[in-house]
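Here is a short note to read beside the model. The points run from single residues to the whole chain and back.

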Amino acid sequence: MPLPDTLRGRLRAPAIAAPMFLTSGPDLVVEVCRSGLLGTFPALNQRTTDGFSAWLDEIAQRLDEVPGAAPYGVNLIVHRSNPRVQADLEVIVRHRVPLVITSLGAISDVVDAVHSYGGLVFHDVVNVRHAQKAAEAGVDGIIAVCAGAGGHAGTLSPFALLPEIRSFFSGTLVLSGAISTGRQIAAARMMGADLAYMGTRFIATQEAIVPEAYKEMVVGAHAADIMYTPNISGVPASFLRPSLVAAGLDPDNLPSHSELDMHNEARAWKTVWSAGQGVGSIDDVPPAAELCRTLISEYRSAIDELAEEVARV
């Protein structure tokens, strides 16, 4: 389907730089939006609600100075173990954040609050059951987090998950999972997604607020270095196997983990680093603006090549 009115015509390529825990901050968001893609960050990357509000002020002020900048978004974890949900939601409404990406629960009251000022709500899911719940809650978009994605990922092929969601959901569909290049953004569109969702590729940028060793590990990694396990935070997620070893853990003999608790997330993810299977396509750490220019150029070239091929048929 066409993009929502608030996004239509405002993106130079159909892609979102995904909100990454302990990785995305104002500099990354601003540079992505200035470049014509949609930049996002998790509310919990700021340690307090007041700090979160200050980041929103900073981002809005910096983007106001750039005519034609793309919108930005915020990730709100709505899991019951997040004590800041209500306070952060009030800040989101007060700042009229253009896009809110909800995770670990689809709640109609949150959707209604964002809709009250004209904002959009996208919700990330790993299976059809969660997508159905999100649709029932009234979200504007569903992010299909498929096999190969970093962070809290799923296991389904996009060829399976996307059409099943589309069979009952007419809103915006976003595809996540091992997308690292502009050609892969084009492939996501060809598969029926309206937008591509890219996380791991933006870890390896100069603006990402992670240790340089993390960026170097992403650049040096291959798909085989990604490990999918629930034993780090209580929810199945993708991690760099070398980071587990560096943290003194045995990747093949991890102790079981109790249920997800957001109080422990920062500690769990600080030294055990997440990434998706798309790491094999990453070989540099450019400024975010340079990366966005490359992605946009690759995407347009891929679309043009396809159009020329179709015209010859």
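**Notes on the predicted model**

1. Ser 238 sits in strand β10, residues 237–240. Helices (H or I, at least four residues) and strands (E, at least two) are DSSP runs, numbered from the N terminus. Ser 238 is buried, as its relative accessible area is 4%. The classes are: buried under 20% relative accessible area, exposed over 50%, partly exposed in between (1.4 Å probe, protein chains only). Leaving aside residues up to four places away in sequence, Ser 238 touches Ala 149, Gly 150, Gly 151, Ala 153, Ile 226, Met 227, Tyr 228, Ser 274 and Ala 275. Contact means heavy atoms within 4.5 Å.

2. A word on the source. This is a predicted model, where local features need pLDDT of at least 70, side-chain atom pairs count only at pLDDT 80 or more, and totals for chains, interfaces and linings use all residues. Residues are numbered from 1 along each chain as its sequence is written, and side-chain values use heavy atoms, with hydrogens and water left out.

3. The whole chain next. The protein chain has twelve helices and ten strands. Its C-alpha trace spans about 55 × 45 × 40 Å along the principal axes.

4. Of the 313 residues in the protein chain, 54% are buried. Among contacts with a separation of 6 or more, 66% join residues 24 or more positions apart. The protein chain exposes about 13,500 Å², and carbon and sulfur atoms supply 51% of that area. Accessible areas come from the Shrake-Rupley method with a 1.4 Å probe; for residues, only the protein chains shown count as cover.

5. Leu 7 belongs to the segment before β1 (15–17). Is Leu 7 buried or exposed? Leu 7 is buried, because its relative accessible area is 2%. Residues up to four places away aside, Leu 7 touches Leu 38, Pro 71, Leu 120, Phe 122 and Leu 195. Pro 98 is 91 residues from Leu 7 in sequence, yet their C-alpha atoms are 9.2 Å apart.

6. The structure holds three aromatic pairs. In one, Phe 41 and Trp 55 have ring centres 5.4 Å apart and planes at 70°, so this pair is edge-to-face. It links distant parts of the chain: Phe 41 is in strand β2 (residues 38–42) and Trp 55 in helix α2 (residues 49–64), 14 residues apart. Rings of Phe, Tyr and Trp (its six-membered ring) pair if their centres lie within 6.5 Å; planes under 30 degrees apart count as stacked, over 60 as edge-to-face and the rest as tilted. Both Phe 41 and Trp 55 are buried. Ring pairs join Phe 41, Phe 52 and Trp 55 into a cluster.

7. Two backbone angles to check. Leu 22 is not a glycine, but its phi is positive, near 65°. Leu 22 is in the loop between β1 and α1 (26–34), and is partly exposed, with a relative accessible area of 27%. Arg 96, also not a glycine, has a positive phi of about 55°. Arg 96 is in the loop between α3 (85–95) and β4 (99–103), and is exposed at 52% relative accessible area.
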